[in-house]
Amino acid sequence: MAWFKLGLAGSDSPPVQRENTRGLKRRTREALAAYALLAPAVLGLVTFVVFPMIYAFWVSLHRWNALSLQMPWVGLQNYVSSFQDTDWLQALERTFLYTVIFVPSLFVMSLILALIVKSVPHLSGVFRTMFFLPVVMSPAISGIIWTLVYSDRNGLINRYLEKFGIDPVHWLSSTHVALVSVVIVSVWLGMGYFMIIFLAGLQDIPKQYYEAAKIDGASSWQSFWFITLPNLRHTNIFVLIVSIIGSFQVFDQIMLMTGGGPANSTTLVVLYIFQQSFEQYNFGYAAALSFILFMIILVFTLLQVKFLRIDEE
Amino acid sequence: MKRVKMSFKSAAPVVFALAMSFGSVFPGVNAQASSAKETINLWMLNAASTPAIEQLAKEWNVLHPNIQVKVTAVTNDTNTYFAKVATAIASGAGPDIIYMSAADYQQYVSSGIAYPVDRWLDKNKSDYYPNVLKSVETNGHFYAFPKTLQLMVLYYNKAMFAQSHLQPPKTWSQMLSDAKKLTTKNRYGLQIETHEGGYQNFEWYPWVWMQGGNIISDNGKKVAVNQATANALQLERNIMQSGVAPRNLATGGFDLTSFGQNKVAMAISGTWAIPFLAQNYPKVKYGIVPYPVPKLGMKSSSDAGGWMWMINSRGKDPIAAGNVMNWMTNENPNRYTAWLKAEDNWPPRKSVVTAMKNFYQTGVNKVVTDQVLPVAGMEPEWNAGVVKAVGDAIQAAEFTNEPISQIMQKLKQACQNALNNG
C-alpha cells in the first residue's frame, strides 16, 4: 500500500503546487495501482468466462465432436436443427412444466418459512439454521438421501403411506410422478436461501403499519394480504425471477436421482445439453442449445431489471 | 528510475500470482523442469482390476526407470470418465493410454485419436480369438489392445430355488413364472437394469441375438431391427410390469449387493460379480446359468464386453505408450493372471485359457466357460446415436404403455438418423 501513502499524504508543499506536479503523478500512480489490482480478476474473468463464451459461440457454428481436429463450418445449421429436434422441444416443454410447478411452490414455501421464523423470535436462530441447512448441503449428498427417502419398498415416505393402507408410490420410477419428485427436492434445496431473502424483506416493513392495522381491527390474514404482501413486492419480483432462471438451470439433483429417466420423463434442458455433448459427442450442437438457453434466461433477466426499475419509479 | 522501480516492486506480487495461476495450465513445462524422466499417463475407471493394473505399472516402472507409468483411476462412473477424457483431449491434456469401451471405440478411431497398434499385435495375432481381434480392427488396422472379456449371465439363489422347489429357468416364460413365485413383500424375483445407458443396452442385446436378430447389420450400414427386437422389448415390458423386478436401482444392474443381501432371487449381471459375491457375501449359495431362451431348443446368447486399451495418437510419445501396453497385455500372456482373476474376466487369448485351465474349469466359472463363452457375441461398437435410440426404446418398453409397434417405428427411424449422421 506504500504507493497510496506517497500520493495521498506526506507532502508539505502548497496545494496548488501539488495539483500541478505531484497531483498528476499521484493520479497516474493511482490509476496504475488500480489497474494492477484489477488485472488478476479481469484476466480471470476474460480467461474463464468471456473467452469460453466467445469460443462456445464459435463452436456452435461448427460440427465438432471435441475429439477431432477438424471443425467443419455449418453456420446457423445447429440453431435451425434445434427447431426440428423433437427431443429438445420435449425437454423444453418439460422444463416449462417444471418451472410452472417449481416456482410457485418455492415462493410459497420460502415465504411460509420466513413468516414462521419472524413470528417466533425466541426460536428464530434454531429455525433459521434448520431451514437453511439444505442450502449448504452438497447436492450429491442430498441426491443420495432423497433417493433413499423415495425408495419403492424401503423408502421413508412409502413406509408411512403403508401404515395408512396406501399403496407404495413409484416416486422416481413412474413417468407421471418422477418430475414432481424432483421438484420437491429442488424446493427443499432452495427454500432456505429464499427464506433469508424474504426475511430481509419482512424486516424492512415498518411495525407501525401492523400496529395501525391492529387498532383498526384488521385480522392476521388482512394484515398479511394488505400490508405484508404489497410491501414485499420488490422481494417478490426478485424471488420469482431468480427462481425462474434457476429452474432453467436445474441439473445436479436430476443427474444424481434419475439420470433423466424413467423414459426421459425428467430430461430437462441442461441435462439434454449435457447428453448431447458428453454422451453423443455433438459439441457443436450442444453449444448452440446452450446459447438458446442463454437467450431464454436473458429474457427473464431483462424482465427482472425492467420490473424492478418500474417498481423503483 | 525511482518510479519504474516502484512499479515493478508493486507489480511483483501480481506477476507472481499470475505465474502461479498459469503454472497449472502448462503442466508439461513443470514436469520437464522437475525431472528428465518420461511419464506415460494411463487413465482408467476405478474398477476391481485397478490394483492389478497399478501393480503391473509398478513392475514396469522398476524395469524401465526412464519411462514411468502413472495410473490414474479417474472415477467409477462411466459417463463421468468419458466426459473427463473428452474434455482433456479437447484441451490437449489427454492421457497417453485410454481405457476404452466398445460404445466409444468408433468415435475415437474416426476422430484420429487412436494410434494404430498393428506393430505390436501382429506378432501374436494367432493367439487371440478372431472375434476379439475383429472388435479392435477398423479399415484393416488394429486400433486398440484387446479387452479381457466380461460375460453376461443369469445369477440365481440356490437356497431360495430349493425352498420353492424350482429349477433354474431355461425359457423366458419359466424365468417370469419363477420370478413371480419368488417375489415376496421383502424380496424381488428378478433384477434387471433400469437406468438408461450403454450398460442397459449391453444387458439387453442377448435377448435379441438369441432369436437371430440384431439392431444394425453386421457390416454396420443398415438398420436391422425386426420381430426379434420387438419380442425382446416385450420381454422387458413383461418383467417390469409384472412387478417382479425393482423399478429403480440405487446403483445399477451391474451391482449385486441386493442379490447378496437376499433381497433379490435372480439377477442378470456380468461375470465381474463372481469375485464381488465371493468377497462380500461368501455365505450366499448361488448358481449361474446362461440367459433363458424364448423356447426350449433354441440357442442362448450372451454379451462379451470389457475394456480395451487405446493409445492416444496426440499423446507425448505414442510409441512409448504402445510399448507399455504391449508389455502389459501382449508380450507375455502370464501378465494377465492377477488382472483376470480380480474381475473374473475371460482372456482374449487361447494360450491364457490353457495356462489358467484350473481357474476357468472350477465352480461357476466352468458354466461360463462351457455354456456361456461359446454363445457370446462381442459388445457392439455402434455410434452414440444408435446407443441412445436403443436406450430410449428399452426405457419406453419398461416404463410407458406406448405400443411396442410404435416404439419399434421410433427405434427404426432414430437408428436410421444415427447411421445417416455418422
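Helices (H or I, at least four residues) and strands (E, at least two) are DSSP runs, numbered from the N terminus. With that in hand, welcome to a set of close-ups of a predicted model.

**Figure 1. B:Asn262 sits between a helix and a strand of chain B.** The loop that holds B:Asn262 runs between helix 12 (257–260) and strand 8 (264–270). B:Asn262 has a phi near 60°, a positive value in a residue other than glycine. Most residues other than glycine have a negative phi. How accessible is B:Asn262? Its relative accessible area is 39%, so B:Asn262 is partly exposed.

**Figure 2. Chain A is built from helices.** There are 14 helices and 0 strands in chain A. The C-alpha atoms of chain A fill a box of roughly 90 × 75 × 35 Å along the principal axes. The radius of gyration of chain A is 27 Å, whereas a compact globule of 313 residues would have one near 20 Å. Of the 313 residues in chain A, 42% are buried. Among contacts in chain A with a separation of 6 or more, 62% come from residues 24 or more positions apart. Chain A has an accessible surface of about 17,700 Å², and carbon and sulfur atoms contribute 69% of that surface. As for charge, chain A carries 19 positive and 17 negative side chains, with the centres of the two sets 12 Å apart.

**Figure 3. A:Ala66 has a positive phi in a loop of chain A.** Look for A:Ala66 between helix 2 (15–60) and helix 3 (77–82). A:Ala66 is not a glycine, yet its phi is about 75°. Is A:Ala66 buried or exposed? With a relative accessible area of 2%, A:Ala66 is buried, because buried means under 20%.

**Figure 4. A cis peptide bond links A:Gly261 to A:Pro262.** Omega for this bond is about -5°. Most peptide bonds are trans. A:Pro262 belongs to the loop between helix 12 (252–257) and helix 13 (269–279) of chain A.

**Figure 5. A salt bridge pairs B:Lys185 with A:Glu162.** The closest N and O atoms of the two residues are 3.4 Å apart. Over all chains, the structure holds 9 salt bridges.

**Figure 6. B:Asp370 and B:Lys366 form a salt bridge in one helix of chain B.** Here the closest N and O atoms are 2.8 Å apart. Where do the two partners lie? Both are in helix 18 (residues 363–372) of chain B, 4 residues apart, or about one turn of the helix. B:Asp370 has a relative accessibility of 38% and counts as partly exposed. B:Lys366, at 38%, also counts as partly exposed. Elsewhere, B:Glu196, B:Lys388 and B:Asp392 are joined into one network by salt bridges that share partners.

**Figure 7. B:Glu331 forms a salt bridge with B:Arg335.** In this pair, the closest N and O atoms are 3.3 Å apart. B:Glu331 has a relative accessible area of 45%, so B:Glu331 is partly exposed.

Terms used:
Residues numbered from 1 in each chain as written. Chains lettered and ligands numbered in written order. Predicted model: local features only at pLDDT ≥ 70, side-chain atom pairs only at ≥ 80, totals over all residues. Heavy atoms only, no water. Rg over C-alpha atoms; globule rule 2.2 N^0.38 Å. Buried < 20%, exposed > 50% of the residue type's maximum accessible area, 1.4 Å probe, protein only. Contact = heavy atoms within 4.5 Å. Areas by Shrake-Rupley, 256 points an atom, 1.4 Å probe, with all protein chains shown as cover. Lys, Arg positive; Asp, Glu negative; His and termini not counted. Charge placed at Lys NZ, Arg CZ, Asp CG, Glu CD. Salt bridge = Lys/Arg side-chain N within 4 Å of Asp/Glu carboxyl O.
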